[in-house]
Amino acid sequence: MEIDTACVHGSVDRSHNTGAICTPIYQSATFAHPAVGQTNGYDYSRLQNPTREQLEKTVARLEGGYDALAFSTGMAAESCLIELFSPGDEIIASDDLYGGTVRLFEHIARKNGVSVNYVNTSNVEAVRQSITERTKAVFLETPSNPMMHVTDIKAIKETLVDAGAGRGSAQACAGRGQKAPPLFGGVGGGAPDPKDIILVVDNTFLSPYLCQPLSLGADIVIHSGTKYLGGHNDTLAGFLVVSEPTLSEKLRFIQKTTGANLSPFDSYMLIRGIKTLAIRMEKAQANAARIVDWMLKQDKIAAVHYVGLPNHPGIEITKRQTRGFGAMISFETDTVETARQILNRVSLILFAESLGGVETLITYPLMQTHGDVPPEKRAALGITEKLLRLSVGIENVDDLIADLDAALA
Ligand SMILES: Cc1ncc(COP(=O)(O)O)c(C=O)c1O
């Protein structure tokens, strides 16, 4: 089944023989047992719910993963991920990351004794040199938010393997219903393996339609499902997709213990959103390419950061590892006044935080998505008062350009 077909049909569970085309919303917190020691497959919705299960199967299928876990938000998914680590562990992370991820790393992971070393992951050698005995994960965004840096996922994986640190594929499967598998010396016991570095990729900006990081060597894929997967700016969601059974067991244990799962209704909303993922991505990225062409001709736009530009340093890597360039654009204006004028004057395009929906949104990273990133770090990355980020939607592109043109005039 091709991925656009899987978006539409991936989630339909035909086993109930009702003929229903769409997955029902199983709005039930708990499930009755036929007899002592027996189950119908579901016990309590924090553990699993049939609607969420169908969504998780679909997302696992789209990413080519062994398993997918659905959470109430992208940050809930990331919070579950960092529970894999123990005091003393270290994460190597891209220096350009969604600000909420930086906040999680700096305020929660660090408090729990997990340190984060930020490096430019586009520089594979810099990643290699940053690996220490304490490194337990490499966490990256590609393209990164908001500067659109591109990282070669396969090359990072090869570097981890060369360093003797890449996670082997032959992990023992603990099997559902057995006792909790050991985490890295944390909950559930078990000795840490210093050679075991997990490669984690936040695939929110591209979606599985454009990129499948597990096929390039990643061990875990993260999504803010709020963005392209949901696609309509109406539902918060998050996902962890894993390549193999041991990670699935560990993360499912944490998920059922900490409990930030996606509700049945929101699971349904995501299933519905994903059905149109392929056509939304195609239309949005075609619009983005046209808007980039227009931006390059504007005197008041000083720089455009878009991974599809021929002079983007990551263009060749992007061509190798994705099906397209996506629909996210960052750009710098000539002055701060121009940046603020655009934000105040757009009318069809909405000045709002988020991305990946059918509506085109414009964001001020300095004040919104990256407001909590330390100012010196923002300045070093180029997140200035003149930087704006555009998440291109699926409207008619001429209307979008006319709106930007009027805002600039
Ligand atoms: C790249 C990226 N990852 C993760 C998140 C967090 O997702 P959520 O807002 O669904 O918690 C966001 C949110 O903007 C994001 O842009």
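Which residues lie nearest the centre of the second largest pocket? They are Gly-74, Met-75, Tyr-98, Ser-224 and Lys-227, from a lining of 22 residues.

## Basis of the report

The structure is a predicted model, in which local features need pLDDT of at least 70 and side-chain atom pairs count only at pLDDT 80 or more, while totals for chains, interfaces and linings use all residues. Residues are numbered from 1 along each chain as its sequence is written, and side-chain values use heavy atoms, with hydrogens and water left out.

## The second largest pocket

The second largest pocket holds about 350 Å³ of space. A pocket is an open set of points on a 1 Å grid over the protein atoms alone, with protein on both sides within 12 Å along at least five of seven lines; its lining residues have an atom within 4 Å of a point. Grid points are joined across faces, edges and corners, and a volume is the space filled by probe spheres set on the points.

Helix α3 and strand β6 (220-224) are the elements that give two or more residues to this lining. Helices (H or I, at least four residues) and strands (E, at least two) are DSSP runs, numbered from the N terminus. The lining has 7 nonpolar, 9 polar and 6 charged residues. In this scheme Ala, Val, Leu, Ile, Met, Phe, Trp, Tyr, Cys and Pro count as nonpolar, Asp, Glu, Lys and Arg as charged, and the others, Gly among them, as polar. Domain 1 (3-274) and domain 2 (278-408) each supply at least three residues to the lining of this pocket; the domain bounds come from an automatic or database domain assignment.

## Cavities

The model has 3 cavities of 30 Å³ or more, a cavity being a set of grid points where a 1.4 Å probe fits but cannot get out. The largest cavity contains about 60 Å³ of space. Its lining includes Thr-142, Pro-143, Leu-206, Cys-211, Gln-321 and Phe-325.

The lining of the largest cavity has 7 nonpolar, 5 polar and no charged residues. At least three of the lining residues come from each of domain 1 (3-274) and domain 2 (278-408).

## Salt bridges

There are 13 salt bridges, each defined as a side-chain nitrogen of Lys or Arg within 4 Å of a carboxyl oxygen of Asp or Glu. Glu-56 and Arg-252 form one of them, at 3.0 Å from N to O. Glu-56 belongs to helix α2 (residues 50-63) and Arg-252 to helix α8 (residues 245-258), so this pair ties together parts that are 196 residues apart in sequence. Arg-252 also forms a salt bridge with Asp-67, with the closest N and O atoms 2.8 Å apart. Asp-67 is in strand β1 (residues 67-71), 185 residues from Arg-252. Arg-52, Glu-56, Asp-67 and Arg-252 are linked in a network of salt bridges.

Glu-56 and Arg-252 are buried (under 20% relative accessible area with a 1.4 Å probe, protein chains only; over 50% is exposed, and in between is partly exposed). Asp-67 is buried as well.

## An open sheet

Five strands form an open sheet in the order β8-β9-β12-β11-β10, with mixed pairing; two strands pair if DSSP finds at least two bridges between them. Strands β8 (301-305) and β10 (350-351) stand at the edges with a single partner strand each, so one side of each is left without a neighbour in the sheet.

Strands β11 (residues 361-363) and β12 (residues 387-391) run antiparallel and are joined by 3 bridges. Ile-362 has Leu-390 as its bridge partner in β12.
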